[in-house]
Structures are given as C-alpha cells and as structure tokens.
Amino acid sequence: MEAEATQRPPSGSSAATAYPRWVLLSPYADREAEGSYSTADTNTLVTGRTSTGEPIGVSLVVAAPPASSRVCFHLPPEVVANYATVVAAHGDSLLIHVVFKTNGWWRDRTHEYFVYNAGAAAADPPRPPSLSLLPPCFLTEQELGRFGRRSDGRERRELSSTATGLLRRGEEDLVVVELRMVAASDDDDWPVQRVAELLLFRSGEWCVKRPPFSHDDGDDTLLSSWRAGTVATVGNGGLICWADLSCGLMLSNVFDDIPFLQYVPLPAAAMEPHPGPGSTRNVSVTAGGTVKFVNVFPRCCCGGAGATNCRRSQHAYTINTWTLRMDDMVWVMTWTAWSTPPSSGPSTHTRASHGFNRGTPS
C-alpha cells in the first residue's frame, strides 16, 4: 500500500535529513507496550484514547522504498488486542483497524477504526500528527439474523479491507466508504438479486446510500457476481475506484449528495488470454490521479500467449499497461513489453538476466 510521507524531522535531528516523498506500507501493524516507545519516531508519534478510554499511541517506522515502512501501535500490557491493520491510505492519512478482545469467547471482539494523519513538521506553522477515533457503525438487526449472530446487544461492523477507501480533502473533509453488494429485498428468492450500497462516514456520521448504477454491457448479473479486490482514491476531488480484477472498475464521487456508481469494464484485449497460472494483474492510481491497469501473462518463446510447457519459455512474459482516459472512460494502451528468458544455463526465479525488449512507453 502506498502513502505519502510529507513530514520532515526537525533540524538537528539524529534521523535522516528528510523522509521519503512516499512510502510502501506493510498492511500489518506492530505492537509495543504502552510507555515503551523504544522504536517510535517521535516526529510521527501521536496518542489518543480507545472507545473504553484506554490510552493508545500510533507511530511510523519509515523506510525509503523499496523497503517496507510499517505502523506501530502502543497499548497498555493489560489491554488485549488481537491485531491491527492498515485498511486504506490517502495522502498523509491512514485508516487503521484495531481488533480488541473483550471476553474469552472468540466472537467477543470489538472493531475500532482510527484515522491517523502524519502532519507536517516542516510547515509554517508546523502541523503535528493527529489520531481520531471514528464513531462505531453497528450491524442491523437483519444482518445479525442473517449472519446467525446473537442480538442481545449492538455488534460493531467490520469493514472489508478490499472494498473500503479513505479520502481526505483539506483539513476538514474526511470520507470513509465501503462498497457492498447486498440483497435487493428480504425475500428468499433464488438466485438472489443484489444491488450496490455505499456505507459512508462523512460529516461526522455514518450513513447508507444506494447509488444509481450505470453500465453499458447489458449484464444484469454484474452486481450479483461483483467482488472488489482492491480500492484506490483518484486524485483529491472525491472519486473512489473499486476494482474487480476479473471484469472491471466501479467509480463514484463520494462527496456528491447522491453518489453515482459507474461501471467501466477492463480492456477487451486484457480478457484474452484468460488469466491463468503465472499471470497477474492490478489496478492502481498514480500521484497525479491517473488510473492504470497492468496485465502480466506468460507467453511462449515463439510469441504465443498463455502458459506453456516449453522449457525455453519458463520465464517469458508479456506485460501490457493501459491508462483510463477519464473524459470518456476509455482504456488506452500506453506500454507493452516482452520479458526474455535466459538464453542458457539453469532458469530460476532469482536470476537477474530477464531483459525487456520491444518496450514502447508513451
């Protein structure tokens, strides 16, 4: 996960003269006992309170890419926390999920979400880091019954790590959003017809929106089969992008009073050959707000696409990159390359002899 690291250490600090402009964050946070800040970078350290009033601290261990940076959270030894993860990032802000164990029963867990902002020590005046606890969002009675949960009290909702995004605009505007596909009605009809639903935290409270949905491929089962695999923020205007890497993207401006959900299929050329063994793909967004789709799949040394048993083609791949043109939501291929397997000797995943040729970056 990428995040911007905008803060700088003060002059005279024993730390590096400057933090990297951006970092790669491990999704899993490390824990230290509260009061033991031996590894904490004091420029990134901030403290707050959990929903039960216990002290909690968050700090960053920053490393220049390609090394991985990580989040550390600090709690008193008597507070039992199962784990903490980084759910989403935007700019210099992180959405952190901490799971607390409340009783001996494995289900008795409390989900709490914090928004961490790294601040800016070099700003004039300096802006210190901050930590905010989001108010809880509870499962509905219908959800409790459908999931077979006990309804003797309110149960906090756990947000999906692959479908939840964070967007910060300026100092005040903050949105946390989860895209869900839910049953259109409470009827037991089969197959279940699903509709899109946005669970939003904005203006200081949680709300649910069922956005109007637009798509042009004529597939009425799209929402029922949709599975978000990754989510990214597109620029700073409010646009969030969810990707199902088997079919396409969903985009919505979450600052709109009535958010609108637009479907954009993946490039037709990327669907052949069908993703198989040895292939990988991903959707990401650049710092400038450009949506990119990268598709990597094996090829034969003779040029044919798809996995092969040919020994000479063991590490031969084709890499294609598309850019989404935002004005008309059309994919444009911007780069293609072939990886060339080693010409002789044993072939292993650790060899550094894979050269790229026929690359045509635009």
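Residues are numbered from 1 along each chain as its sequence is written, and side-chain values use heavy atoms, with hydrogens and water left out.

The secondary structure comes to two helices and 24 strands; helices (H or I, at least four residues) and strands (E, at least two) are DSSP runs, numbered from the N terminus. The protein exposes about 19100 Å², of which carbon and sulfur atoms supply 51%; accessible areas come from the Shrake-Rupley method with a 1.4 Å probe, and for residues only the protein chains shown count as cover. Contact means heavy atoms within 4.5 Å. Among contacts with a separation of 6 or more, 45% are between residues 24 or more positions apart.

Confidence is given as pLDDT, the predictor's confidence in each residue, from 0 to 100. The mean pLDDT of the protein is 80, and 75% of its residues reach 70 or more. Over residues 6-17 the pLDDT is below 50, and this stretch has 22 contacts in the model beyond near neighbours in sequence. Residues 344-362 also have pLDDT under 50, with 35 contacts beyond four places in sequence. Where pLDDT is low, the predicted coordinates should not be read in detail.

Next come the nonpolar cores. A nonpolar core is a set of buried Ala, Val, Leu, Ile, Met, Phe, Trp, Tyr and Cys residues joined through side-chain atoms within 4.5 Å. The largest one has 23 residues, and V71, L94, V98 and Y116 touch the most other members. Two or more residues of this core come from each of β2, β5 (55-61), β6, β7 (81-90), β8 and β9 (109-117). Another core, of 22 residues, lies apart from it and includes A163, V175, L198 and L222. In soluble globular proteins, nonpolar side chains tend to be buried together.

Leaving aside neighbours within four places in sequence, V71 is in contact with L25, A29, D30, V58, S59, L60, V86, L94 and I96. One of these, L25, belongs to strand β2 (residues 22-25), where V23 and L25 form the covered face and W22 and L24 the uncovered one. Strands pair if DSSP finds at least two bridges between them, and β2 pairs with β6 (residues 68-75) in the parallel sense over two bridges. The bridge partner of L25 in β6 is S69.

With a relative accessible area of 0%, S59 is buried. Its side chain makes a polar contact of 3.1 Å with the side chain of H74. A polar contact is a pair of N or O atoms within 3.5 Å; within protein, one must be able to donate a hydrogen and the other to accept it, and residues adjacent in sequence count only if both atoms are side-chain atoms. Beyond four places in sequence, the contacts of S59 include A40, D41, R70 and C72.

Strand β7 is largely enclosed by the rest of the structure, because eight of its ten residues are buried. Eight bridges join β7 to β8, and the two strands run antiparallel. H90 stands opposite S93 in β8. The hairpin of β7 and β8 has two residues between the strands, and G91 takes a positive phi near 60° there.

H97 is found in strand β8 (residues 93-101) and is buried, with a relative accessible area of 3%. A polar contact of 2.9 Å joins its side chain to that of H111. Outside four places in sequence, H97 is also in contact with residues including Y83, T85, Y113 and E158.

L131, in strand β10 (residues 130-133), is buried with a relative accessible area of 15%. Its C-alpha atom is separated by 7.8 Å from that of V58, 73 residues apart along the chain. V58 is among the contacts of L131, as are V46, I56, F114 and Y116.

Lastly, A270 is found in the loop between β19 (261-265) and β20 (280-285). A270 is buried, with a relative accessible area of 0%. Leaving aside neighbours within four places in sequence, A270 is in contact with R281, F293, N295 and W322. The C-alpha atoms of A270 and N295, 25 residues apart along the chain, are separated by 6.9 Å.

Conventions
Buried < 20%, exposed > 50% of the residue type's maximum accessible area, 1.4 Å probe, protein only.
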